[in-house]
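Here is a friendly walk through one structure, for reading beside the sequence. Have a look at the display, then follow the notes below.

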Amino acid sequence: MNNPMSPATPRLPRRRALAAAATAGAAALLGACSSGTASRSLSTASGAAGPLTIGMTYTPNVQFAPFYMSVYADGTQLRHHGAQEGQFEALLAGTEHLVVAGGDEAAVAASNGSDLVIIGGYYQRYPACLIVPQDSPITALNQLAGRTVGVPGRTGETWYALQLALETAGLTESDVTIQEIGFTQQAALVGGKVDAIVGFSNNDAVQIAQNGMAVRTLDVAAEVPLIGASLVTTARVLAARRDDLAAAVSASAKGMTRFVDDPDAAVETTRTYVTDLVDPQEAARAREVAVATGALVRPAPDTVVGSVSADRVAPMLDFLGAHRLLGPTAPAVDVVCTPLLDA
């Protein structure tokens, strides 16, 4: 997103520290990322030998603790993207084998010609929501009519979520004033420049409240047809290294379960990657984010953590297509999603 990201690549399971720091109040989990990797050859990612590299599209943060807590095959690397790198740039260039990114964003990229496949899940509940001040008269989505709504931009998950919220409310874009505010959601809401923002329940809503403004969240739909943060690879890598990827997805799912079960351990593990968490106040703030993120990872006791279902892909593609969010070629369900986790 708008914060710098570390290019360091610690080897696991030794978990050597990433040479960077980001505060626990970093913005969204999944955002635009790093530079200098796209020119590398695809041979590394498509070859059968060598350790896997798992990409994370943001600076080190407690929201990535499930992957810090995972026990992968020896030599597996975690890599945080840099400030100018797109979500799938390194994956498509061959310098990553797996990336943590929005399933819906992967589908949109696939419709524009990118060779992407969703192979595992992370967020089982969609993170994007409408956020309003606690004392706002807006208590239902249809009350957005005539109001100003702030969005980071007209792309990505917050944009998809706004389209869904308007559809749920029976409104169109012309019924509201949409203001592109970048990643200044808190300032825009606190300053009264907008009546509502589209953000993420596990960071924006938590962090705004932590900084002194009481807020409420509104779900964008009772049933959200979109798929949030997932584990994404390419068809090329999947064909060459299916077993390795399946092992990484399984290990990640176990890390996700540890994360949900023990947010204190999540903060402790993240402290190796985010040095600011030695401060007790920052650690407490990070724990709140971890708990809110855990609610997305395992929203119900019977949730199969780390799973992704191909059954969810068709409704997602239908929604994205109906709202003209897909590119020229809508991908087939079995092309864009191949679940590797044994549920």
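## Val232 and the nonpolar cores

Setting aside neighbours within four places in sequence, Val232 contacts Phe88, Leu91, His97, Leu98, Val99, Ala101, Ala106, Leu116, Val117 and Ile118 (contact means heavy atoms within 4.5 Å). A second, separate core of 46 residues includes Ile119, Leu231, Val289 and Leu296.

The largest nonpolar core has 50 residues, and Phe88, Leu130, Leu144, Leu162, Leu226, Val232 and Leu320 touch the most other members. A nonpolar core here is a set of buried Ala, Val, Leu, Ile, Met, Phe, Trp, Tyr and Cys residues joined through side-chain atoms within 4.5 Å; buried means under 20% relative accessible area, exposed over 50%, and partly exposed in between, with a 1.4 Å probe and protein chains only. The largest share of this core, eight residues, comes from α5.

## Around Arg147

Arg147 sits in the loop between β5 (128–133) and β6 (148–151); strands are DSSP runs of E, at least two residues, and helices runs of H or I, at least four, numbered from the N terminus. Arg147 counts as partly exposed because its relative accessibility is 28%.

Beyond neighbours within four places in sequence, Arg147 touches Pro137, Ile138, Val176, Thr177 and Asp195. Its C-alpha atom is 7.8 Å from that of Val194, 47 residues apart along the chain.

## Confidence and conventions

This is a predicted model, where local features need pLDDT of at least 70, side-chain atom pairs count only at pLDDT 80 or more, and totals for chains, interfaces and linings use all residues. Residues are numbered from 1 along each chain as its sequence is written, and side-chain values use heavy atoms, leaving out hydrogens and water.

The chain's mean pLDDT (the predictor's confidence in each residue, from 0 to 100) is 87, and 86% of residues reach 70 or more. Over residues 1–45 the pLDDT is below 50. Where pLDDT is low, predicted coordinates should not be read in detail.
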